[in-house]
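Reader: Before we talk it through, could you put the structure up?
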Amino acid sequence: MDAGPSVREKKVSSVTEALARNVVESGQRAAARSDTSAGTEKRSATFRVWRGAGPTGELRDYSTSVSEGMVVLDAIHQIQAETAGDLAVRWNCKAGKCGSCSAEINGMPRLMCMTRLSELDLQKPVTVEPMRAFPPVKDLVTDVSSNFRAKKRIRRFTPRPPDAPDGTWRMAQADADRVQEFRKCIECFLCQDVCHVLRDHHLHEQFIGPRLLVHAAQLEMHPLDILDRTDDLKESHGIGYCNITKCCTKVCPENITITDNAIIPLKERVVDKHYDPLGKLVRLVRGRNSADRHQGEVR
Amino acid sequence: MPEYQRHEHDVLVIGAGGAGLRAAIEAAHVGASVGLVCKSLLGKAHTVMAEGGVAAALANVDDRDNWKVHFADTMRGGQYLNNWRMAELHAKEAPDRVRELEAWGTVFDRTPDGRILQRNFGGHKYPRLAHVGDRTGLEMIRTLQDYAIYQPIDVHMECTIVSLLKDGNRIAGAIGYDRERGRFKLFSAKAVVLATGGIGRAYSVTSNSWEYTGDGHALAYNAGAAVQDMEFVQFHPTGMVWPPSVRGILVTEGVRGEGGILVNKEGRRFMFDDIPENYRNQTADSEEEGWRYTQGDKNARRPPELLTRDHVARAIMKEVREGRGSPHGGVFLDISWIRSKLPNSEEHIKKKLPSMYHQFKQLADIDITKEPMEVGPTTHYVMGGVRVDGDTQMSTVPGLFAAGEVGAGLHGANRLGGNSLSDLLVFGMRAGKFAAEYAGRQTAPRADTQQADDIVRVALEPFNRQGGQNGEGPYQVEHDLQAMMQELVGIVRREDEMRRALDSLKALRERARKVSVAGNREYNPGWHTALDLQNLLTVSEIVARAALERKESRGGHFRDDFPEKDPSYGKFNIVIRRGPAGEMQVTREQIPEMRDDLKRIIEENK
């Protein structure tokens with residue numbers, strides 16, 4: 001038994017040798033990273049933060065110290081702790097996973113927790129404003145409830161009957177991949193914020209917006225779902241309002257290809273069904289609806 | 001007299017993460033009128049952070065798996081302090097709960113024949129975690145959320161509960177405030193389900209979100225319910241350590257499940273150096289065998305990186321303490337090395353661990369497909385919580401239920417990765433069902449409004465202290481509390497340090513009593529922090545007292561002054577209640593004798 005550890009040691013060290021070099025080197029790199037900040041004095045930066053209740057408010061300057069690796073949300077928290085205890089901000093995970101801390105940083109819709117100060121010019125004040133497409137509540141907090149209402153208007157996931165005798169389904173990874181992209185969405189609503197239909201024209205009740213179109217796409221392309229939401233998309237979800245400026249895709253922190261992969265295919269379905277006279281005729285004669293088509297795709 | 005917005009429900013669910021949503025859905029299915037309170041917006045709860053997967057013995061990848069093996073794994077991981085009835089129900093029901101998610105829209109990763117794919121995880125004998133890349137929690141909460149919004153459930157978003165209300169001995173509802181306007185809401189309910197999550201914000205290095213201030217633990221304790229196992233706090237072995245502002249953010253165990261290895265600054269794979277006796281038969285004895293295991297070889301045993309979290313966290317601490325750590329006080333976690341094994345390793349890593357890839361790229365400028373990460377332990381989970389009946393999830397207060405992290409019992413002294421998501425589903429469902437049934441048998445309780453008025457008066461006090469001479473704000477007190485708990489009641493504990501912690505808590509409580517907040521009641525984080533602070537102080541003291549009482553080392557609880565496991569401590573749970581004079585009463589409660597059939601299962605799986 002006592003021979004065990006030394007035998008083990010031998011096996012281990014032979015495999016780790018090549019690795020050790022890599023680790024030692026990256027350790028040196030890691031150490032170097034922190035040295036650059038340890039050597040310099042603590043700097044400070046100015047944050048120009050929107051303060052206000054309801055529609056009225058103003059940008060106010062706060063100065064706070066910055067250290068290596070800080071993100072905008074850290075600065076906001078420091079400002080809260082130091083000078084503005086009642087500064088309202090939403091945040092939860094601080095890891096880019098919950099989509100709560102959406103704001104406009106130097107005019108760009110971003111997550112505060114994923115925006116590092118090192119990407120910003122700290123010689124000038126950093127502007128931090130709430131998402132402007134939504135009614136302001138207080139400071140950086142806005143009323144995003146329209147998004148929750150819009151989701152309820154989309155008809156719910158409705159699966160086909162289970163395939164297998166054990167009551168479960170079979171689906172290929174390739175089919176899962178297609179909708180998994182859409183299901184990555186963290187509901188930060190930055191795409192809604194930047195969409196001109198919502199931001200400039202305030203058509204929140206007529207147009208569900210990119211986030212909810214991604215949700216609809218996820219349902220429409222879900223390998224198990226059998227509903228056809230094409231009519232809804234055209235009539236009540238206002239998909240026609242989108243004129244494919246792709247701003248939503250640009251700001252998505254999850255890098256979902258919103259316009260090309262979600263919205264355009266949905267638009268194509270609407271066009272196929274409503275504006276293609278030949279297809280309409282064929283459907284009329286054969287009495288087929290898209291639920292059949294959908295099932296055909298899966299099998 | 002304060003004004004209230006009044007709401008009436010059969011069942012009030014407090015917390016809208018996985019457990020709360022599942023409970024609300026079930027209670028609605030049974031036909032109860034349901035209110036669901038979220039501290040944040042719907043869908044933002046801490047469940048979104050869960051990465052690795054949900055443990056269920058589906059046996060899709062390895063047909064040797066079944067509920068018995070899952071049960072035995074869970075008990076072994078929990079060092080046999082688990083509520084064995086919960087461990088049994090959990091192992092039996094998790095597969096159905098996972099399949100049900102699929103019926104509600106979850107798109108899990110697939111096996112080549114199109115079934116739900118399962119991955120390896122620490123302490124699980126077979127590949128058992130159904131997953132979606134490394135964002136399983138997000139997928140799960142979104143599925144439950146998108147299912148729940150079509151159910152008859154009243155959702156109260158951005159609402160924080162400050163106290164439960166009672167009618168005599170039984171539960172009568174709760175009182176809280178809405179964040180937007182600061183108005184008080186009075187909920188009358190025949191049954192209340194706590195699903196508030198954990199206590200991670202009591203520590204400075206944590207993977208937990210701001211909401212994790214032990215609200216449910218404190219609400220239950222204040223209402224007279226017993227809490228147990230609170231000495232068992234799980235420090236996840238791999239949190240980010242650099243840069244400082246991201247310290248504590250989780251690095252999923254999935255990295256190790258996919259073949260990632262832990263090495264010290266000398267490049268030594270130190271996890272092979274110390275393998276606990278009870279896991280020796282299940283652990284690989286060469287790197288080569290460990291690699292084969294991560295690639296699905298059924299004849300290989302798991303690499304030591306996939307030992308239980310308590311063990312891995314302590315092994316990392318040891319390397320750091322003995323001077324073999326990484327530059328920023330952690331060790332290296334390397335997945336990039338698999339390029340020597342897989343030709344397309346970079347694409348493979350990005351596909352299997354997409355959020356980890358982005359997290360390190362964006363927050364630390366590190367490409368994990370090319371170089372190692374620096375990682376160290378981070379406060380992650382509390383095994384302890386409200387003491388509940390294993391079948392119904394009802395606490396010692398009639399009508400008060402608890403599910404998910406705020407409940408205790410399933411995990412014993414240490415939780416296995418993947419068992420929390422299944423916990424949420426299995427016991428969320430049970431709590432919702434039994435709460436609804438209980439409510440159906442009750443007449444409407446009468447909440448004492450005098451009680452509510454007093455709570456509101458106390459909650460508003462920080463505003464009245466505005467401009468006073470002791471005008472300290474809540475953030476500094478919270479910060480000092482977190483630093484103190486990290487240092488004195490953290491991953492390695494000692495009697496003298498914990499005594500000092502109790503003294504500090506007394507002083508911090510005094511400071512908290514005097515904090516003042518600026519501004520008004522509308523969306524005021526200073527005020528919210530002042531109120532959350534009360535809960536943090538309560539749970540911190542409970543943790544410290546429980547940790548003092550357990551004079552041994554076991555699972556998530558490690559005593560430097562009692563480094564060995566003591567079998568006599570394996571027979572009871574440490575239970576804490578509020579005494580008649582408001583003092584904390586610490587008792588030891590015997591664990592009921594396990595059923596013989598379950599004992600046999602454990603023997604067979606030794």
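Author: One term to begin with: buried means under 20% relative accessible area, exposed means over 50%, and partly exposed lies in between, with a 1.4 Å probe and protein chains only. This is a predicted model, where local features need pLDDT of at least 70, side-chain atom pairs count only at pLDDT 80 or more, and totals for chains, interfaces and linings use all residues. Residues are numbered from 1 along each chain as its sequence is written, chains are lettered from A in the order in which they are written, and side-chain values use heavy atoms, without hydrogens and water.

Reader: ok, how many of the residues of chain B count as buried?
Author: Of its 606 residues, 69% do.

Reader: and how many helices and strands does chain B have?
Author: Chain B has 16 helices and 18 strands. These are DSSP runs numbered from the N terminus: helices are H or I with at least four residues, strands E with at least two.

Reader: What box do the C-alpha atoms of chain B fill?
Author: Roughly 70 × 50 × 50 Å, along the principal axes.

Reader: Switching topic: which residues touch the most others in the largest nonpolar core?
Author: Among them are A:F47, A:M112 and B:F71, in a core of 227 residues. The largest share, 13 residues, comes from helix α15 (residues 525-549) of chain B. A nonpolar core is a set of buried Ala, Val, Leu, Ile, Met, Phe, Trp, Tyr and Cys residues joined through side-chain atoms within 4.5 Å.

Reader: What does A:M112 touch?
Author: Its contacts (heavy atoms within 4.5 Å) include A:V71, A:I76 and A:L140, leaving out residues up to four places away in sequence.

Reader: Which residues are in the second core?
Author: That separate core of 36 residues includes A:A150 and A:M221.
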